Every structure is written in C-alpha cells, then in structure tokens.
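The following exercises ask the reader to work through one structure step by step. Each task is followed by its solution.

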Amino acid sequence: MRAFLASLASPTRFRRWSGALLPWLWGGAGLLLAGGLGWGLLLAPPDWQQGETVRILYVHVPAAWLAMGGWTALALAALAHLVWRDALAGEMIPALARTGAVFTAVCLATGALWGRPMWGAWWVWDARLTSVLVLFFLWLGVLLLAEGFDARERGQRAAAVLALAGTVNLPVVKFSVDWWNTLHQPASIMRLDAPAIHASILWPLLVSAAGFLALFWALALWQVRVALEERRLERLRLRLVQEAGDGG
Amino acid sequence: MGAEAYWAFVASAYAAALGLPSALALWVWARAISVRRRLAAAQAARDALGEDRREDG
C-alpha cells in the first residue's frame, strides 16, 4: 500500500494520473452542479417553514462539508509530508489550503445570507458559526505559512504542523450544535439514525454535494500541477545560471 | 419579508457559491499561463546558450 501510494506521489506519475482525471472532474462538476442546483432551484419543494430560502441549503451544506472534509485531506497530506517528507504532499498543503479557504468562505457567506431572513441577523456568535470562523482563519494561517517562507520546505513543514494541530477544531465544529445551545440547527443529515430531511430535498442536495466535491478536487489538483511547473521553472533557471557561469 | 425578498437571498447565495470558486479558478488559470510562458522563455534562453557555445566551440 505504501509503495502504491509512493508511486502515485511521484511527480511524473502525478502529472500523468491527474492529467487524465482532471477533465472528468471538471466535466463531472459541471454536470452534477447543473443537475443538483437546477433540481434544487426549480424542482425541489419549498420548506413549509422556511419557504424559498431553504434552497440556500443546496450550496451552504456542501460548502460546509467540504470545509471540514477538506481539512481532513489537508491533515493527511500534512502527515505524509512530516512523516515521509513527501514533496508532493508538501505541494498539496497550499493547494488544499487555498481551496479549503474558498469553500469555508462560501459556507460563511451563504450562512449569513440564510441567517438574515431566518434569524433576522447576518451573524451571531454562537458556537457553530464561531468554530467555522476559526476554521476559516486556520485555513488562512496554513496558507500563509506554506507560502510565506523563502525556504519553501520550511514553510510547508510549519504549515503541516498547524494543519495537524488545527484538526482539534473539527470535532468542535461538528459537535458544537450538541455541546452548546446554538441558534444554528443540529445535524439533520449526518446523524447516527436516518437523515431528518425529506428525500425530495435530500437527493438534490447529494447531487449538488457531489458536484462541489468534484469542483474542490479539480481546483486543488490543478493548483498542484501548476506548483510542480513552478518548481520545474526554478530548477531550469538555476541550471541556466550555472551553465552561464560555467561558460564565463 | 415577501417571497421576492427570499429569492434575492437565494440568488445571492448561489452567486457567492459559484463566484468564489470561479474567482479561484481564474487566478489558477492566470498563474498557469504565466508559468507556461516563463518556462518557454527559460527553455529558449537555455537553447540559445547551448547554440552560442556550439558556435564558439
């Protein structure tokens, strides 16, 4: 298994498999998002209490899942980078951080746009909203560390440490609605028993979530490919300087 | 609040959900183009250096 993962993580192999996967991810994201969001906007019924605003669910919930799921992927990349000094995992860290920060921002923005008509407030300092805001700042912190050092390897290692430490926030986000009395509603889909929402809302949500998942990975893998090209450019420039020096 | 106002919130949420990832995609695309261009320039400089050497030698 370790050998298989190591072979996938070689930059040449990564370029090959990610190049083959990316068109499918982009295409899948386009189709699933068109289907899921179209279904949610036009066909799914309004909620008996929330009316039309329930349709914000089809963008807010996938973004929230990706904010947390993305951090799990980040923690795994951080672990691989710290334990095996895997260079590709190091490049995954800023790519995931940027993508995760964007999806967490989407979660916060769409949450505010849902909160205003339903709660009468754009923002409340309840445990769920506050822990997601902390998650957003953690994403930014990881990104700043990963990109902020001249010695890239050092920055990526520091970012990996923060990524692992920040994992503590994930159960706080998930269980904040159970541990504290929050204005945000408790979990209605990811529960030990059956989901508490009707199938007519659940299915378009799952299709939309699959679309956002494909979009998340398309963006992250694309950034890693660009970062590998940048490393190639740095090596080429270094060789050019050395060769020019040898000639003179 | 009327149904029309509700739809305005829904439309804003969808615009944010699609707009922010699209902005990131645009930024990555611009970065990819810039890197490709710089790689081509560095490769051309390296080829020119090799050619100069061959002519001198």
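**Exercise 1: A lining by class**

Task: Divide the residues that line the largest cavity into nonpolar, polar and charged.

Solution. The lining of the largest cavity holds four nonpolar, one polar and five charged residues. In this division, Ala, Val, Leu, Ile, Met, Phe, Trp, Tyr, Cys and Pro count as nonpolar, Asp, Glu, Lys and Arg as charged, and the others, Gly among them, as polar. Among the lining residues are A:Glu91, A:Arg98, A:Glu147, A:Arg152 and B:Arg31. The volume of the largest cavity is about 40 Å³, a volume being the space filled by probe spheres set on grid points that are joined across faces, edges and corners. On a 1 Å grid over the protein atoms alone, a cavity is a set of points where a 1.4 Å probe fits but cannot get out, and a pocket is an open set with protein on both sides within 12 Å along at least five of seven lines; lining residues have an atom within 4 Å of a point.

The model is predicted, with local features requiring pLDDT of at least 70 and side-chain atom pairs pLDDT 80 or more, while totals for chains, interfaces and linings use all residues. Residues are numbered from 1 along each chain as its sequence is written, chains are lettered from A and ligands numbered from 1 in the order in which they are written, and side-chain values use heavy atoms, without hydrogens and water.

**Exercise 2: The elements of chain A**

Task: State how many helices and strands chain A has, and which helix gives the most to the lining of the largest cavity.

Solution. First, chain A has eight helices and zero strands; helices (H or I, at least four residues) and strands (E, at least two) are DSSP runs, numbered from the N terminus. Next, the C-alpha trace of chain A spans about 80 × 35 × 35 Å along its principal axes. Finally, α4(A) gives the most to the cavity lining, with four residues.

**Exercise 3: A salt bridge between helices**

Task: Identify which residue meets A:Arg98 in a salt bridge.

Solution. A salt bridge is a side-chain nitrogen of Lys or Arg within 4 Å of a carboxyl oxygen of Asp or Glu. A:Arg98 meets A:Glu147 at 2.3 Å, N to O. This pair links distant parts of the chain, with A:Glu147 in helix α5 and A:Arg98 in helix α4 of chain A, 49 residues apart. Over all chains, the rule gives eleven salt bridges.

**Exercise 4: The largest pocket**

Task: Describe the largest pocket by its volume and by its lining.

Solution. The largest pocket contains about 1,100 Å³ of space. It is lined by 40 residues, of which A:Val61, A:Trp114, A:His184, A:Gln185 and A:Ser188 are the closest to its centre. By class, the lining has 28 nonpolar, nine polar and three charged residues. Of the helices, α4(A) gives the most to this lining, with eight residues.

**Exercise 5: The interface**

Task: Describe where chain B meets chain A, by residues, area and salt bridges.

Solution. Contact (heavy atoms within 4.5 Å) involves 29 residues from chain B and 42 residues from chain A. The two chains bury about 3,300 Å² between them, 78% of it on carbon and sulfur atoms. On the side of chain B, B:Phe9, B:Tyr14 and B:Arg46 lose the most area to chain A, together 20% of what that side buries. Buried area is the accessible area (1.4 Å probe) that two parts lose on being put together, summed over both. Two salt bridges cross the interface. B:Arg46 forms a salt bridge with A:Glu243, their closest N and O atoms lying 2.8 Å apart.
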